[in-house]
Amino acid sequence: MPQGDGWRIGDDYKKVQNFYLRPSLHLVTPTLMKIADAQLRLFAEPGFIMNIPYCNVGVSLLDAHGLERDVQNVSTSKGNWYAFDCKAGLSLFIDNVSISAGYQYSTLDVLGMRRELVYNNKQFNDFYSKRKVQHGGFVTIGYHF
């Protein structure tokens, strides 16, 4: 948790919230296999994850006993506000319903904007763990109108 002599980040520091846009390109192969009404296809979906390039955090100013006496806000419009994202997998289409499963790779750093915050000449990046890429699996169910 970012903190220093006489200050620490507010109690809600774990609640990193943001609104993300995810523009992407959905590429689908022709049908690889057809069984009755079901069609099996491969897909790839490269894209970006973008958020609002602004971050605001409350810093609690502490008295000699460690009790909060005031709060100051620090903010930045610097930082990493975008990330690369890619999904790949199989899709099964049955009439208007699709079921997809696959692998996802992302460079999203949820602390990307907070890393650039500075208070009392201390950069918050020094307190956070190193940025890592994310790997994962997913399953989606869709209905096509």
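User: What does Lys 78 touch, not counting residues up to four places away in sequence?

Analyst: Lys 78 touches Met 113 and Glu 116. Contact here means heavy atoms within 4.5 Å. This is a predicted model, in which local features need pLDDT of at least 70, side-chain atom pairs count only at pLDDT 80 or more, and totals for chains, interfaces and linings use all residues. Residues are numbered from 1 along each chain as its sequence is written, and side-chain values use heavy atoms, with hydrogens and water left out.

User: Why is Lys 78 called exposed?

Analyst: Lys 78 has a relative accessible area of 58%. The scale is buried under 20%, exposed over 50% and partly exposed in between, with a 1.4 Å probe and protein chains only. Lys 78 is therefore exposed. Its place is the loop between strand 8 (68-76) and strand 9, and its C-alpha atom is separated by 14 Å from that of Val 57, 21 residues apart along the chain.

User: What makes Ala 83 buried?

Analyst: The relative accessible area of Ala 83 is 1%, and the limit for buried is under 20%, so Ala 83 is buried. Ala 83 is in strand 9 (residues 82-94). Leaving out residues up to four places away in sequence, Ala 83 touches Gly 47, Phe 48, Ile 49, Thr 107 and Leu 108. Asn 96 is 13 residues from Ala 83 along the chain, and their C-alpha atoms are separated by 32 Å.

User: How do you know which elements the chain has?

Analyst: They are DSSP runs, numbered from the N terminus: helices are H or I of at least four residues, strands are E of at least two. By that rule the chain has zero helices and 13 strands.

User: What sets the radius of gyration of the chain against that of a compact globule?

Analyst: The radius is taken over C-alpha atoms, and the globule rule is 2.2 Å times the number of residues to the power 0.38. A compact globule of 145 residues would come out near 15 Å, but the chain has 22 Å. The C-alpha trace spans about 75 × 25 × 20 Å along its principal axes. Of the 145 residues, 28% count as buried. Among contacts between residues at least 6 apart in sequence, 63% join residues at least 24 apart.

User: How many disulfides does a search of the whole structure find?

Analyst: The search finds zero. A disulfide is a pair of cysteine sulfur atoms within 2.5 Å.

User: Why do Cys 55 and Cys 86 carry the labels they do?

Analyst: Cys 55 is at 10% relative accessibility and therefore counts as buried. Cys 86 is at 24%, so Cys 86 counts as partly exposed.
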